[in-house]
Amino acid sequence: MRLSRYFLPLLKETPTDAQIVSHQLMLRAGLVRQTSAGIYAWLPVGLRVLNKIADLVRREQDRAGAIELLMPTIQSADLWRQSGRYDAYGPEMLRFKDRHEREMLYGPTNEEMITALFRDSVRSYRDLPRTLYHIQWKFRDEVRPRFGVMRGREFLMKDAYSFDLDEAGGKVSYNAMFEAYLRTFAAMGLKAVPVRAPTGPIGGDMSHEFHILAETGESEIFYDSAIEDVDVTDPEAVSKLSSIYAMEAEEHEKVTNCPVPAERLLSRRGIEVGHIFFFGTKYSASMGLSVQGQDGKPVTPQMGSYGIGVSRLVGAVIEACHDEDGIIWPEAIAPFKVGLINLRSGDAACDVAADDLYAKLQHAGIETLYDDRDERGGAKFAGMDLIGIPWQLVVGPKGVSAGVVELKHRKTGERHELSVDAALEKLGG
Ligand code: ATP
Ligand code: MG
């Protein structure tokens, strides 16, 4: 992508209305713009990151055997009356009427809709177990939308729903999602702490939240430092992690005899990026979902639901990965892999060399943002640092005459002079 033809509105000043660093950086680096309280437009660079996170989430859901579909954002109130949640949900639900005076709502979650879809499509025990998911926008009219996309009113969520014939099967599905979550966050370069969570109004008896540690996190969590030693690729990771103590402060305070020795008990702030629940027959029973069992008798399926805050993750990753110059994207979700800088646009030799390198990068399928604008070198460097692209390739007059380019690693700050071919090889071209 040539920056001279792109849409990347960077801000020089730190916006005063943004309180936390991820929100400030998302505005400065041109990722998002607020269009109303808690509602954001995703600008091109922000959208690239959002899509990459969604793709990674999708990859791990698919690997865990979950099946993707897409449910609408708008739902009917009648559906929610079937579970009894229409009245229970409260003012976070955005409700409105269509032209025929039918009561509608913008979905804050999809348990009702998926249960109805499954109920109306499935008859036999042979159709279970199944886990279905979608990645779709949600709306919750939060009292205090804040911290940018971290607590928005409109936000992108991956929500999965499992259907099993018995409780043991339900737990297998739950653990498969637990493992998928560990893989998903690890693939983004994040270490997520799974915290035992209360099940709240959704009901049921098994639930974990996944928290990214960050000082600006809204939750305070207490956990056994042994959690940090668990390797998430260990096949036993789920059983190890679910048996190590980790609680949100509110729950921790209710524990009278904390099993963790004081020197191992850590207290940190966390950002909730995922949440998994097992809630048994809460929705299947209330909404009349039943299948014929192997013995011919009706069975009420056991269900779970599993959310990941896809748009919240964009902010959470920045909270975990930045420095004073800007964002430092983990490579797997970076908007571009390479930022190509022409230090002297307008100089014929530099233009030819940079254009040629850009063509080679494109040919090699390496996602590149090419700063070909007529700007000072300092501004170009600062821009690339701010946007946080993992590798910067610099074409300047001295290098051009010597036949070399400079490659800078954003994370470590290391710089090397290399031939074009060596640089391409290093970048995987
Ligand atoms: P929170 O406690 O942060 O309000 P929640 O427990 O109400 O979240 P869930 O119903 O568990 O949220 O939703 C699943 C995931 O969706 C959360 O783990 C979070 O990552 C994300 N999420 C929830 N609310 C928001 C929001 N207002 N803005 C952005 N992401 C959100
Ligand atoms: Mg939650």
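Predicted model: local features only at pLDDT ≥ 70, side-chain atom pairs only at ≥ 80, totals over all residues.
**Exercise 1. Describe the largest pocket by volume, lining and composition.**

Step 1. The space in the largest pocket comes to about 1,300 Å³.

Step 2. Its lining consists of 46 residues, and those closest to the pocket centre are Arg140, Glu209, Glu272, His275 and Phe277.

Step 3. Assign the lining to secondary structure. At least two residues each come from α4 (85-88), β8 (154-164), α8 (249-252), β13 (265-280), α9 (282-286) and β16 (302-309). Strand β13 contributes the most, 7 residues.

Step 4. Sort the lining by class: 17 residues are nonpolar, 14 polar and 15 charged.

**Exercise 2. State how the protein chain is divided into domains, and how the domains are placed relative to each other.**

Step 1. The domain assignment gives domain 1, residues 3-326, and domain 2, residues 336-426.

Step 2. Between the C-alpha centres of domain 1 and domain 2 the distance is 38 Å.

**Exercise 3. Decide whether Ser162 is buried or exposed, and list its surroundings.**

Step 1. Ser162 sits in strand β8.

Step 2. A residue counts as buried when its relative accessible area is under 20%. The value for Ser162 is 0%, so Ser162 is buried.

Step 3. Leaving out residues up to four places away in sequence, Ser162 touches Arg130, Thr131, Ser173, Gln302, Met303, Gly304 and Tyr306.

Step 4. With Tyr306 there is also a polar contact between side chains, at 2.7 Å.

**Exercise 4. Apply the analysis of burial and contacts to Lys408.**

Step 1. Strand β22 (residues 404-409) contains Lys408.

Step 2. The relative accessible area of Lys408 is 8%, and therefore Lys408 is buried.

Step 3. Residues touching Lys408, apart from those up to four places away in sequence, are Asp385, Pro390, Trp391, Gln392, Gly413, Glu414 and Arg415. The side chains of Lys408 and Asp385 are joined by a polar contact of 3.0 Å.

Step 4. Val338 stands 70 residues from Lys408 along the chain, and their C-alpha atoms are 9.8 Å apart.

**Exercise 5. Give the number of cavities of 30 Å³ or more, and characterise the largest cavity.**

Step 1. The structure has 3 cavities of 30 Å³ or more.

Step 2. The largest cavity holds about 50 Å³ of space.

Step 3. Its lining is formed by Gly38, Tyr40, Trp42, Trp137, Gly148, Val149, Gly152, Glu154 and Phe155.

Step 4. Strands β2 (39-42) and β8 each give at least two residues to this lining.

Step 5. In the lining of the largest cavity, 5 residues are nonpolar, 3 polar and 1 charged.

Note on methods: Residues numbered from 1 in each chain as written. Chains lettered and ligands numbered in written order. Heavy atoms only, no water. 1 Å grid on protein atoms, 1.4 Å probe; cavity = no way out; pocket = protein on both sides within 12 Å on 5 of 7 lines; lining within 4 Å. Points joined across faces, edges and corners; volume = space filled by probe spheres on them. Helix = DSSP H or I, 4+ residues; strand = E, 2+ residues; numbered from the N terminus. Nonpolar A, V, L, I, M, F, W, Y, C, P; charged D, E, K, R; others polar. Buried < 20%, exposed > 50% of the residue type's maximum accessible area, 1.4 Å probe, protein only. Polar contact = N/O pair within 3.5 Å; in protein donor to acceptor, adjacent residues only side chain to side chain. Contact = heavy atoms within 4.5 Å. Domains from an automatic or database assignment.
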